[in-house]
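Take a moment to look over the whole chain before turning to any single part.

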Amino acid sequence: MKLKLLIVLPCAVNASRGNTTTARRLAEGLEARKHQVMIIDVNALDDVSEKFDLLIACHAVDTAPLVQAWCVENNSQYVVLFTGTDLNGKPPAHVTAAVAAAEHCISLGAGPGRRAKDLFECARGKTTIIPQAVLSLPRSTKSDLPEGMPALTNESELVIVPNGIRAIKNVSETLYEMAALVKERPQLVVCFAGHDFGGKYSKEFHIELAKHSWAYYLGNLSRVELSAVVNASKIAISSSHSEGGAPNALLECIAAGRPALGSEIAPHRELLGKENCFRFGKEMRRLVRSILEDPEAAMLTTRKLEEKVRFKHGLSAESLAWDRLLLTLTKGAS
């Protein structure tokens, strides 16, 4: 049974953002199951005149209210996909109303699912957890490294922080703690990558970054460029304050066979295990030091995480779960 689906993003469809990565992956998986899928920016909703069986609003705050209004006007139904920052702070009344009117809600992890139910009482009986899957990075070589990549030697210890520049991603903490660690490990190189959201936080981060000759911001990377950087790295770190599920960036790094560490938040614990999460800077430095000093033990841990990612975050499992849910919600629409 084929459905015509519209995924609505809170950002541009070509933005280097987690929401975009998630939407593209979902679209590919559902298209492989013979559904017709279109992805648009929420600002383009007014230009949509086609009829869809179901809309998927990615982000409860920035997308769901506008999707709700469009669906009322066009006699359509929608679901809400909680993607992360929409689960921070008390939601405004119009957001709660949009979640309440949705046919269903989807969370990308158990922790965010609990948070969603705490914030939105209306979501408690209609939220399904579908763990975020990972689309493995493409093959790459050293020639694919981005232009701003620093020169590395055989002694270099590259740490990649791939989740963008934004206050909620807390990249300043990683920069601060690595500044302390580089005093004892001068071979350390730290590269930040991903979308820069700008604003005061970004400005202050870049001012601090410029003080350190071992730290770099690589900007938005293509998937091939990111693959090359990940392959050259020793560790991937996410010190984020909040995530809507297992972060795409960490999933990709683990799937590429790289050790990963994360801050002590539920989505990181679910993915990495508590032993690979840090509560404060001293623990971050200890875990980084441990990986660099005992790479064989680190790789054993990484192999276990790779197996977990393959089993729990597989593309087929994700698309099948979405397929079954959406067909149930549309009650056999074709």
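Two residues are said to be in contact when heavy atoms lie within 4.5 Å. In this chain, residues 24 or more positions apart account for 74% of the contacts with a separation of 6 or more. The model is a predicted one, in which local features need pLDDT of at least 70 and side-chain atom pairs count only at pLDDT 80 or more, while totals for chains, interfaces and linings use all residues. Residues are numbered from 1 along each chain as its sequence is written, and side-chain values use heavy atoms, with hydrogens and water left out.

The chain contains 12 helices and 12 strands, where helices (H or I, at least four residues) and strands (E, at least two) are DSSP runs numbered from the N terminus. Its radius of gyration, taken over C-alpha atoms, is compared with a globule rule of 2.2 Å times the number of residues to the power 0.38. The chain has a radius of gyration of 20 Å, close to the 20 Å that the rule gives for 334 residues, so it is as compact as a globular protein of that length. Of the 334 residues, 54% count as buried, a word that here means under 20% relative accessible area, whereas exposed means over 50% and partly exposed lies in between (1.4 Å probe, protein chains only).

Two packed helices are described by the angle between their axes and the distance between the axes. Helix α1 (residues 18-32) and helix α12 (residues 315-329) pack at an angle of about 75°, with their axes 9 Å apart; the axes are lines fitted to C-alpha atoms over the stretch in contact, and angles run from 0 to 180 degrees between N-to-C directions. Angles under 35 degrees count as roughly parallel, over 145 as roughly antiparallel, 65 to 115 as roughly perpendicular and the rest as oblique, and α1 and α12 are therefore roughly perpendicular to each other. On the α1 side the contact is made by R25, L26, G29 and L30, and on the α12 side by L315, E318, S319, W322, D323 and L326.

Most residues other than glycine have a negative phi. H59, in the loop between β3 (54-58) and α2 (64-74), has a positive phi near 100°, and this residue is buried, with a relative accessible area of 3%. N75, in the loop between α2 and β4 (78-81), also has a positive phi, near 55°, but N75 is exposed, with a relative accessible area of 66%.
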